[in-house]
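Subject: Structure handover

Dear colleague,

I am passing on the structure below, and my notes on what was found in it follow directly after.

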Amino acid sequence: MARPRVLELGQGRLLLDIDFRDTEGLVASYLLPEEEGWTLIETGPSTCREALLAGIDRAGVARDEVRHVLVTHIHLDHAGGVGALTEALPRATFYAHELGVPHLIDPTKLVASARRAWGAAADPLWGPILPVPSPRIVALHGGERFQLRGGELSVLATPGHAKHHLAFFDSGLRGVFTGDGAGVRLERSSRVRPAVPPPDLDLEQLFSSVEAMQRLDPALVLYSHFGPSPEGARDLDRYRAIVEEWRDVALAAARETPEVDHVTERLRAHDLGAAVAARATNDDRSTLVSGYELAARGFLRYFETHGMLAAQGMG
């Protein structure tokens with residue numbers, strides 16, 4: 001394992017690169033100082049456990065000083081490692097959306113879903129998905145506040161990407177931790193790409209959640225994939241239009257042939273063409289956390305559940 005990257009964000013806030021897929025710059029965790037202890041945002045999967053713990057150690061934080069661990073949602077690249085950390089972070093309480101907590105206490109459905117989606121690759125990709133003891137985890141609804149050094153962390157319910165999605169706003173940094181609720185923007189990319197997976201993608205809720213994040217007027221937008229954006233407010237402003245472009249491309253393709261491969265290739269061609277037209281920098285690693293096939297599956301399920309494949313107009 002390479003020496004973990006720990007990046008300063010200001011006011012004692014830290015980014016930890018947890019080396020997902022043995023690749024730098026894919027999944028970020030964040031350490032935020034409290035008056036006595038630390039708050040951690042995002043655990044990644046259990047395959048990142050050792051990199052995360054090494055990052056905490058390198059940051060000079062004692063493991064028993066981590067008091068609160070929050071995840072934006074329970075997709076495995078964000079929260080699959082929660083159960084694997086309960087012993088390593090012995091004084092931490094874990095937090096997730098109320099709809100996600102039952103699946104972290106009993107991850108049977110998460111395990112089955114991962115193996116259904118990834119087959120034999122699931123275990124090496126995600127590692128063991130261990131249960132969280134129910135006394136160690138607390139459900140969040142949105143509206144909760146946690147005290148930080150030099151500010152507070154506010155919880156926002158931000159459904160759309162998933163119904164169990166949350167975002168967090170740090171008043172000290174004036175930064176919003178978006179999870180996947182505002183897409184993916186890696187360090188070497190100048191463009192945001194949609195994060196629109198199955199099974200419960202809801203575009204109307206997604207757009208409302210982005211608007212809620214915009215109303216916070218953040219100075220920083222901090223992505224789980226990956227890190228602070230140099231154009232954070234602009235990224236939020238343009239995210240809806242980017243998702244709508246992808247939706248329209250996917251819908252046109254699905255009305256021709258409602259098959260995953262066909263929609264995937266149309267999305268790939270559109271994205272690469274848009275990057276060339278805008279003279280934008282694409283980071284090919286983006287597909288490791290938000291691939292075209294995943295987007296195609298998400299859109300197809302959304303179209304089917306909203307009766308859009310039989311329609312001739314967008315309405």
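Strand 3 (residues 28-34) and strand 4 (residues 37-41) run antiparallel and are joined by 5 bridges, with Pro 33 having Trp 38 in strand 4 as its bridge partner. Strands here are DSSP runs (E, at least two residues), as are helices (H or I, at least four), numbered from the N terminus, and two strands pair if DSSP finds at least two bridges between them.

This is a predicted model, in which local features need pLDDT of at least 70 and side-chain atom pairs count only at pLDDT 80 or more, while totals for chains, interfaces and linings use all residues. Residues are numbered from 1 along each chain as its sequence is written, and side-chain values use heavy atoms, with hydrogens and water left out.

Both strands belong to an open sheet of 7 strands with mixed pairing, in the order 1-2-3-4-5-6-7. Strand 1 (6-10) and strand 7 (137-140) are at its edges, and each has a single partner strand, so one side of each is left without a neighbour in the sheet.

A further 6 strands form an open sheet, again with mixed pairing, in the order 8-9-10-11-12-13. Its edges are strand 8 (145-148) and strand 13 (227-228), each with a single partner strand, so one side of each lacks a neighbour in the sheet. Strand 12 (residues 220-223) runs antiparallel to strand 13, joined to it by 2 bridges, and Tyr 223 stands opposite Gly 227 in strand 13.

Best regards
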